[in-house]
Amino acid sequence: MSEFSVIGRRLPKVNSWAHLTGEARYADDLFPPRMLYGRLLRSTRPHARIKRIDVSRALAHPGVVAIVTGADMPEKMGIMPSTQDETALAVDKVRYVGEPVAGVAAVDEDTAFEALELIDVEYEDLEPVFTIEEALEREDVKIHQTSKRANVFKEVHLSFGDLDGGFAAADHVRDDWFFFEGNTHAPIESHSAVASYGPDDKLTLWTATQVPHYLHRELEKVLGLPRSRIRVIATPNGGAFGGKSDPFGHEFAAALLSMRTRRPVKITLDREEVFYAHRGRHPVKMRIRTGVKKDGEITAVHYQSWLDGGAYASYGIATTYYTGALLTVTYRIPAYKFDGVRVYTNKPPCGPKRGHGTTQPRYGFECQLDKIAEDLRLDPLDYRKRILQPANSRTVNELRITSMGLGDCLDALQRATRYSERRGQLGRGKGVGLAGSAYISGAGLPIYWNEMPHSGAEIRIDRGGGVTVMCGTSEIGQGSDNMLASVAAEALGILPSDVHVVSGDTSLAPVDLGSYSSRVTFMAGNAVKDAAMKLRALLFAAASEKLEVPKKRLLAAYRRIYDRDDPEKFVLFADAAVLAESKHGTLVAAGSYQPPKGIGGTFKGAGVGPTPAYSYQAAVAEVSVDLETGTLTVDKVTTAHDCGRALNPANVEGQIEGSAYMGYGEIIAEEQVFRGGLHKKPSLLEYKLPTSLDTPVLEAIVVESVDAEGPFGAKEAGEGPLNPVIPAIANAVYDAIGVRFDETPITPEKILDALGKRDRRGQPKSRIGPDGLNGGKSDPKNALRRLTASTAARERKRMS
Amino acid sequence: MLRLPRFRVLSPRSYEEAAQLLREHGAGELDRSRGTPTLRIMLVAGGTDLFPNMKRRQFAPELLVSLARVRDAAGIQQNGQLDISAGTTLTAIANDPLVRERYTALAEAAGVVSTPQLRNMGTIGGNVCLDTRCNWYDQSLFWRTAEGFCMKTNPDVVCRVATSSPRCLAVASADTVPALLALDATIHVEDADGGRDVPLKDFYQEDGIRATTMRPDEVLTDITLPDASGWRSTYLKLRDRGSFDFPIAALAAAVRHDGGHVSDARIAITALGSRPMLVEAAATPLIGTRLPDEVIAIAADAVHKAARPMDNTSGTISQRKRAAYVFAERALRSLRAA
Amino acid sequence: MKELITLRVNGEPRTVAADPHHTLLEVLREELGLTGTKHGCELGECGACTVLVGGAPVLSCLTLPALIGGAEVTTVEGLATGEKLHPLQVAFAEEGAAQCGYCTPGMLMTAKALLDSTPRPTREQIAQAISGNLCRCTGYTAIYEAIEKAASRNGVAGAEPVRRAGGANSITGAKLP
C-alpha cells in the first residue's frame, strides 16, 4: 500500500476541465469592453539604420487610435540584467528581419493591418552578418557596439583537472566536429497580450508568458511605471517550451498603447511573427575531443562550442555556459576544458528551448560515445553503465550530484528493448540506437542577483474546508497548477480537486521565478509543501485535542485527519479547519524555497550548472531507412526517465512522450533556416512539425530515484527526456546504414547524398557533418587560432 | 489574427449565373503590382487554396463568386463513363466505392491531399485549378516585401528561382491532376456564352503564372473519365510528412491489361515542373509487355528525364528526381497483372 | 459593411452582424463569444480551429459563415450535453491527453466526428483521422489512448456519459495510507 493518498496516482489534472470544455481563457480569448486591436510593424531589413519613421499617414487613417515607436520606449531591456541589449521596439537601428519597429492600435484588426502599410520608414542599409564564421571575423561590421571583438557576444573558458595529463594518459583520443541546426518551439498558441491601463493609473497585463515576475520587472523599467502599479497575469499558455520566457516587444507596445489611449489593447502575433519572435534553439558548431583508456574510461574531455545567437542576448549568456556545464554530470570525467563563444548575427534572437543549451552538446557527446564504443568494441549500453558518475558525488567542475538514476534508466531500457542483442543485427536499412542524458531541476541561481526565495506559495483554508493555493508559477501545459494542487492536497490530506489554484498573478500570488529551467515541480513544489506543512501542524494540533490522540499518531488523507492506529477515529478536514481557525485564527500560511548553498563551485561562471537535483534519462530509438528514397522512419522511441518520484505518473509520462516527440522533430526535419537574413519557411506548412502519421510509437518508462530534497522525492520531467532522443536516433541511423550524422537534421536528401557517395572501399560515405568552422571549406584553424590567441592574451593579462 | 482582405461575396445558384457574374464584373487579367495582384473578381469553391493566398495578400479581389450554393455542383455519376461534378469534395471522391475500385489512382490522390479537414472542404474542381506554388511566392505580403517580390506578383521583377528564366517557375502541386491525366480526364468549362470540353492534358501550360488555358471568365463545371474496364491505376506522392504537405514529386500510373499483357498505359507526373504532364515516353515501352523489370527501368528512366524540378519547394532537386524514378518503378511493379 | 448572418451553432439559432470577409473562426470568437475554438496559423496548416459543420470536421479559419447555409455548426462548447460531459472529454482528462489544452478543442471535434462515424476505430484509423490536428505537447500517445478509451465506453450498456469530477477522484473504496 502506498504511503500517499494523492502522490503517485493518475488523477486528472485539476485544470483539465476548463481546457476540455473550451472555458479556459488564453490571452487571445479575452475581449474586455472598448478593447482596441494592436499590430506591430516589423523590420523588412536584416541590418539597417532607421533614418526616419513617419506615422502621420497611418494616424490619419480612419479607425487608427494610437501609434507608438521605439522612441517612446528607449529604455534597454532583456531577460538577463547583465546583458540587456534590446528595446521594446527598435530604436535607431534594426538588427533582423521581423524586428518590431512600431505598434498600432485601431478599432479593429483589419484597420490596424491596413495602417501598417501607411507607416513610412526610411532605412539606411548596413552590411549584414549571417554566419558564425562571419561574425567571428568581421571587425568592420558591428551588430552591437558592445562587442569587444568582432561580433562576439560572450566568450567563456573554463578548465578543470589536469587536461594535458588526461589526454597524455589516454589510449585513444577521438576528435569530432558536430553541427546542431537551429530550430524553434512552435507552440500552437501564438504569443498574445492584453493590456489595460485603468483610471486608477494601474496597468494590468494578461499575457502568455512563462515569466510573469521577470516581465513585471522589465515593464517597470521600460514604462517608467512603479511595479506597485503593474499587475501581470500569466494566462494559460497554449504551449511555450521556452518560447515565451523573454519579455517581448508586443507586451510593452500593448501596455504603452493602453496607457496612451486608456483603453484595453490586445496584440496577438500571427504565426509568421512567432517565427520572428523565436528565442529558440541556437545553431551550434561543436568540437569535442575525448581521451579514453582501452576499457573506455574517460581520461579527459575538451569541449568547444560556437553558438549563433541571432541579433540579441536573450538568455544567451546562460545558453553559452549550459553548452559546457552539464556534460560532466552523467559519466566520470576527471579532466575537462570548456571553451564557448556566442556570436551576434542578423537573425531573430535565439534563446532557451526545452533542454536549454544542453541539447546540442549532449547530441554531439552521445554520438561520440557511440563511436568510442565502436572503436573499442564495447557494447554502448554496457559501456555507459560502467562509466557512470556516481550518486552523491562531485563532478570535476564542482557540481553536486545527489540522486542519480541513469544506470537504472539504462537497465530499464535494456529490459524493454533488448537493445544490446539487437544492435547490428537488424539488417541493412534497420537500426537501433541509444543515448543517455541529464538535466537540471531548476537553476541554482535566479536571473537577477538576490537573496530572496526562488519560489513562494501561500495557502488559505476557508471555513468550509476549501483550500486555495497561490503561487506565481506560470501554467504552460506542463501541469504546474495540478502539481501545486497535488502537493498541497497530499500534505493536507485532501484531494487535488478540492483545491483552488491561483497562479501566475503578480498581485495575488507570491513570487515564483517562472516556468523555465524545469524548476517548478522542485522549487514551487517545495514552497507549497512548506506552506501546507505549516497548516497541517495547526490542523493536527486541533484534531489532536478533539480526538485526544497524540499528534504524532495522526495522519491525513481523503478529507480526514485520523488516528494511524485506529482509522475509524477521525475528524473531517472541514471540521478540523473550523477547530483550527477557532484556536489559531485565520488559516493562512506562506512557504518558500531557496536552493541550498554550496551545490556548485565559486569560480567565475560557476553560477550556471548547479541545481538542487539532476534528472537523468536515456532513450533507445528504432529506425528504418528507405534506401531508395532516403526516407527515414523512426519506428519507436523508448525513453526511461529518472524523475525522482512521479507525483502524477500520467503527467510524467506525458512529459516524457512530449519530449521524445519534440526531439524527434528536431532531428528529422525541423530547422529555423534563413536565406539572406529572411526566414525561409515561417509557416506551419513549411516548418515541419511532425503529425500523428509521422510520430513514432512512444513508450515512456518512469524511473524513481526518490530525491532526498525534492517535494515527496520529485525531480524534473519536462525537459531532460528530449535530450537523449536526438543522439539515439542518429546512432540508430548509423546502425541502419553505416553513416554517421554529425549534423542535424537528418533529412532524406542527406541520406541519399551519403548513400550515393562512396568511399575508396565502395562503402557509402560514412559521415555527414562539418570538419571545422566554415563547414571545413576554409582553414578552420584560423578562427581557432584567433580564439586561442585572444584567450591566451586575456589569461596573460589576468596573471600579470 | 491574420485577416482576409475586405471583399464582398456573391452566391449564384447556377454555373450560368456564376459565369454571367464574372463577365458582368469584368473578370480579366491580373495587374501584378505592389505584391498583391488586383483582380476585381475571383471564383471560390472550397476556399482552401484561395483563402490562404488571400490572407497572404497574393490576391485581394473586391468580389468573390462563391460556388458553394450552386445547385447540383457535387456528385459522381456513372453511365459508361464517370462524370464528376466540379464541386465534389475530395473526401467524397476518396471514399466513393466505385472510384476506389475502378479509378484507384484518383481515390488515392484525393485521399492524400493535405488533411482530412481540408479534404472535407476542398473540391476536385479547386484542386484541378490549384494555383502553382513556390517558396518565393507562397509567403505573406510582409515576407515578399522584405524579399523584394517575384515575377508572379510583380511584373517588374525577375523569377527569383532562376533569375535568367523568361517565365515563372512556380510548381504544379495538385495531387489529383496526375491521377486524372493517367485516367484520361476531360474537363468541361463554361463562360457566359456557353461551354467547351478540354482534354485535361491540353489544359495546363508550362508557365507558373498562366498555368492553365482557362480564362478568368470561365468556370470549371465537370470532369469526365472514360470507362476504366481493364485498367488498374495507382498514385504515389513524395512529401515530408504524412499529411498537410503538398507533393514535392508525384506520379500516377494507369495500365490496361489484356490477356496478361499491357494493352495501354499512361504515366503522369506533377510537382516536378510548372506543368503536370503525361510522360508518353514512359508509357509507350510498356505496351505489349508483362511489365518485366527491364521494361520498367526504361519507363522509370523516361520519367526521370521528364522530371525538371527546380529549387523552390521543400526537399532538393536530386531527391525529387530520384523519387520520380523510384515511384515509377514501384507504381508499375504494383500494377503487374496478378 | 457588416451583414446579418443566421447560423445554427451548438443547436441554437444565432443571428449576428459580421463583416463579409470575416471567417467562421472570427465570427465564433468575436461575435458569438465562443472562444473555445482556437487558432494556430489561420492558413489551414495546423487544425486548431477545427469545428464540425454538418457533422464533418472543417477548418473554421478558411470558412465563410455566410456560405454554410443552415448547416449545424458544433464547437467544443457544444460537446457536452447539459451537465454531462462527452465521453471524449472525460477520457482526455483521465489520460492526460490535454497538456496545454490549446489544440484540444480542435482535436476533440475531430475525434467526435471519428467516433460518430466509426464507433470502434483502430489506432491506424485514429492516426489518420487526427492527422490534420497538430499537437505540440503530447506526441499524440495520450490522445490515442483517450480516444480509444472513449470509444470503449461508447455505446456500451450502462456507460452513460460520465459526470465530471467523479471517477478517479472518488474516495469510495480508497485505502488510507
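In this predicted model, the contact between chain C and chain A takes 49 residues from chain C and 53 residues from chain A. On the side of chain C that touches chain A, helices H2 (87-95), H3 (104-117) and H5 (141-153) of chain C each supply at least two residues. H2(C) gives the largest share, five residues. By class, this side of chain C holds 26 nonpolar, 14 polar and nine charged residues.

**Helix H2 of chain C**

Nine of the nine residues of H2(C) are buried, so this helix is largely enclosed by the rest of the structure. The buried residues include C:Pro87, C:Leu88, C:Val90 and C:Phe92, and also C:Glu94 and C:Glu95. Their packing partners come from two chains: helix H1 (16-21) and helix H17 (649-668) of chain A, together with H3 and H5 of chain C. After H2(C) comes C:Gly96, which has a positive phi near 65°.

**Helix H11 of chain B**

Helix H11 of chain B runs over residues 293-306. At 1.5 Å a residue, its 14 residues should span 20 Å, and the end C-alpha atoms are 20 Å apart, which agrees. The buried residues of H11(B) are B:Ile296, B:Ala299, B:Ala300, B:Ala302, B:Val303 and B:Ala306. Because they cover an arc of only 155° around the axis, they lie on the same side of H11(B). An α-helix has 3.6 residues a turn, so residues three or four places apart point the same way. On the other side of H11(B), B:Asp293 and B:Glu294 are exposed. The cover over the buried residues of H11(B) includes strands S10 (249-258), S11 (261-270) and S12 (277-278), as well as helices H10 (280-283) and H12, of chain B.

**Helix H12 of chain B and helix H19 of chain A**

H12(B) also takes part in a contact with chain A, through H19(A). Two packed helices are described by the angle between their axes and the distance between the axes. The axes of H19(A) and H12(B) come within 9 Å and cross at roughly 80°; the two helices are therefore roughly perpendicular to each other. The table lists the residues that make this contact.

| Helix | Residue range | Residues in the contact |
|---|---|---|
| H19(A) | 748-756 | A:Pro748, A:Glu749, A:Leu752 |
| H12(B) | 317-334 | B:Ser318, B:Gln319, B:Arg322 |

By class, the contact of H19(A) with H12(B) has two nonpolar, two polar and two charged residues.

Notes. Residues numbered from 1 in each chain as written. Chains lettered and ligands numbered in written order. Predicted model: local features only at pLDDT ≥ 70, side-chain atom pairs only at ≥ 80, totals over all residues. Contact = placed C-beta atoms within 7 Å. Helix = DSSP H or I, 4+ residues; strand = E, 2+ residues; numbered from the N terminus. Nonpolar A, V, L, I, M, F, W, Y, C, P; charged D, E, K, R; others polar. Axes fitted to C-alpha atoms, helices over the stretch in contact; angles between N-to-C directions. Parallel < 35°, antiparallel > 145°, perpendicular 65-115°, else oblique. Expected span 1.5 Å × (residues − 1). Buried ≥ 20, exposed ≤ 12 C-beta atoms within 10 Å, placed from the backbone. Arc of directions from axis to C-beta.
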